[in-house]
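Good morning, and thank you for making time for this presentation. Please look first at the sequence and the model, and then I shall go through them.

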Amino acid sequence: MAISFFGLAIFLFLTFDSDFTSSPVSVASEGVQITYGSMIKLMHERTKFRLHSHDVSYGSGSGQQSVTSFPNVDDSNSYWIVRPVSDTNAQQGDTIKGGTIIRLQHMRTRKWLHSHLLN
């Protein structure tokens with residue numbers, strides 16, 4: 001549910017947060033360049049909730065870390081690190097071009113965001 005809830009947000013709206021304050025940035029309209037290794041927050045535009053996770057795993061199914069949405073701006077469990085997919089030569093600091101497939105890693109737990117429906 002959280003993945004589909006934020007699916008479009010991954011490509012359109014990123015929230016940069018260098019001092020734990022929130023300011024939504026539309027990548028397309030602002031010309032913002034995202035690089036591998038950037039720490040971001042993803043915000044659902046309509047609800048203003050952020051993609052959130054913490055070290056709590058599902059008790060059944062995949063056993064992976066749960067991912068939800070969270071309304072608080074100052075929540076430190078809403079930070080994600082932009083990483084390249086495994087089969088590329090991309091390096092930390094390289095600019096990410098529009099349409100590029102990326103991976104997101106939870107900052108605190110270092111676990112990966114998964115997009116399958118198994119919970």
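This is a predicted model: local features need pLDDT of at least 70, side-chain atom pairs count only at pLDDT 80 or more; totals for chains, interfaces and linings use all residues.

**Histidine 106 and its surroundings**

Let me begin with histidine 106, which, leaving aside its neighbours within four places in sequence, is in contact with Ser53, His54, Gln65, Asn77, Tyr79, Trp80 and Lys111; contact means heavy atoms within 4.5 Å. Residues are numbered from 1 along each chain as its sequence is written, and side-chain values use heavy atoms, with hydrogens and water left out.

Histidine 106 is found in strand S7. Helices (H or I, at least four residues) and strands (E, at least two) are DSSP runs, numbered from the N terminus. Is histidine 106 buried or exposed? Histidine 106 is buried, with a relative accessible area of 0%. Here buried means under 20% relative accessible area, exposed means over 50%, and partly exposed lies in between, with a 1.4 Å probe and protein chains only. The side chain of histidine 106 also makes a polar contact of 3.0 Å with the side chain of threonine 109. A polar contact is a pair of N or O atoms within 3.5 Å; within protein, one must be able to donate a hydrogen and the other to accept it, and residues adjacent in sequence count only if both atoms are side-chain atoms.

**The overall fold**

Let us now step back to the whole chain. The protein has two helices and seven strands, and along the sequence they follow the pattern α-β-β-α-β-β-β-β-β. Of its 119 residues, 30% count as buried. Among contacts with a separation of 6 or more, 60% are between residues 24 or more positions apart.

How are the strands around S6 joined? Strands S6 and S7 (residues 102-106) run antiparallel and are joined by five bridges. Strands S3 and S6 also run antiparallel, with two bridges between them. Two strands pair if DSSP finds at least two bridges between them.

**The nonpolar core**

Which residues make up the largest nonpolar core? There are 11 in all: Ile34, Tyr36, Ile40, Leu42, Leu51, Val67, Trp80, Val82, Ile96, Leu104 and Leu113. A nonpolar core is a set of buried Ala, Val, Leu, Ile, Met, Phe, Trp, Tyr and Cys residues joined through side-chain atoms within 4.5 Å. Strand S3 (39-42) and strand S6 (80-84) each supply at least two residues of this core. In soluble globular proteins, nonpolar side chains tend to be buried together.

**Serine 38 and isoleucine 81**

Serine 38 is found in the loop between helix H2 (27-30) and S3. Serine 38 is buried, at a relative accessible area of 13%. Beyond four places in sequence, serine 38 touches Trp80, Ile81 and Val82. A polar atom of the serine 38 side chain lies 2.8 Å from the backbone oxygen of threonine 35.

Although serine 38 and isoleucine 81 are 43 residues apart in sequence, their C-alpha atoms are 5.6 Å apart in space. Isoleucine 81 lies in strand S6 and is buried, with a relative accessible area of 7%. Not counting residues up to four places away in sequence, isoleucine 81 touches Gly37, Ser38, Arg103, Leu104, Gln105, Met107 and Arg110.

Arginine 110 lies in the segment after S7. Arginine 110 has a positive phi of about 65° although it is not a glycine, and at 46% relative accessibility it counts as partly exposed. Lysine 48, in the loop between S3 and strand S4 (50-57), likewise has a positive phi, of about 70°, and is not a glycine. Its relative accessibility of 41% makes lysine 48 partly exposed.

**Confidence in the model**

I close with the confidence scores. The protein averages a pLDDT of 75, and 69% of the residues score at least 70; pLDDT is the predictor's confidence in each residue, from 0 to 100. Over residues 1-25, pLDDT stays under 50, and the model has 62 contacts beyond four places in sequence for these residues.
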